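Welcome, and thanks for taking a look at this one. Here is a short briefing to read alongside the model.

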Amino acid sequence: MRLIAFFPGSFDPITKGHENIVRRALPMFDKIIVAIGVNSSKNEMFPLEQRQNWITNTFSDYPKVE
């Protein structure tokens, strides 16, 4: 059985705290899915595409992170 973690957030922007949570979770899971959500009570600072790029670049050396 594969263990998959789902980490939702607005990541607007992704922070060192977000990065730390994912890195500490890597040994515990076979895959970690970082999902960008929309928080209707917040005004976005950065466009979705920019946030996706930051997440992709941050975890580019970790194939278990999608």
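Asp-12 sits in the loop that runs between strand 1 and helix 1. Please keep in mind that this is a predicted model.

*Asp-12*

- Is Asp-12 buried or exposed? Its relative accessibility is 15%, and because buried means under 20%, Asp-12 counts as buried.
- Setting aside residues up to four places away in sequence, Asp-12 touches Asn-43, Glu-44, Met-45, Phe-46 and Arg-51.

*The cavity*

- How many cavities of 30 Å³ or more does the structure hold? There is 1, and the volume of the largest cavity is about 60 Å³.
- Asp-12 belongs to the lining of the largest cavity, together with Ser-10, Gly-37, Val-38, Asn-39, Lys-42, Glu-44 and Arg-51.
- By residue class, this lining divides into 4 charged, 3 polar and 1 nonpolar.
- Glu-44 and Arg-51 are among the lining residues, and Asp-12 touches both of them.

*Helix 1*

- Within helix 1, which spans residues 16-25, the buried residues include Glu-19, Val-22 and Ala-25.
- Why do these residues share a side of helix 1? They cover an arc of only 135° around the axis, and this puts them on the same side.
- The general rule is that an α-helix has 3.6 residues a turn, so residues three or four places apart point the same way.
- On the other side of helix 1, you will find Lys-16 and Arg-24 exposed.
- What covers the buried residues of helix 1? The cover includes strand 1 (4-9), strand 2 (31-36) and helix 2 (48-58).

*Lys-64*

- Lys-64 lies in the segment that follows helix 2.
- With 32% relative accessibility, Lys-64 counts as partly exposed.
- Although Lys-64 and Lys-31 are 33 residues apart along the chain, their C-alpha atoms are separated by 4.7 Å.
- Beyond its neighbours within four places in sequence, Lys-64 is in contact with Leu-26, Pro-27, Phe-29, Asp-30, Lys-31 and Ile-32.
- For Phe-29 there is also a polar detail: its backbone oxygen lies 2.7 Å from a polar atom of the Lys-64 side chain.

Terms used:
Residues numbered from 1 in each chain as written. Predicted model: local features only at pLDDT ≥ 70, side-chain atom pairs only at ≥ 80, totals over all residues. Heavy atoms only, no water. Buried < 20%, exposed > 50% of the residue type's maximum accessible area, 1.4 Å probe, protein only. Helix = DSSP H or I, 4+ residues; strand = E, 2+ residues; numbered from the N terminus. Arc of directions from axis to C-beta. Contact = heavy atoms within 4.5 Å. 1 Å grid on protein atoms, 1.4 Å probe; cavity = no way out; pocket = protein on both sides within 12 Å on 5 of 7 lines; lining within 4 Å. Points joined across faces, edges and corners; volume = space filled by probe spheres on them. Nonpolar A, V, L, I, M, F, W, Y, C, P; charged D, E, K, R; others polar. Polar contact = N/O pair within 3.5 Å; in protein donor to acceptor, adjacent residues only side chain to side chain.
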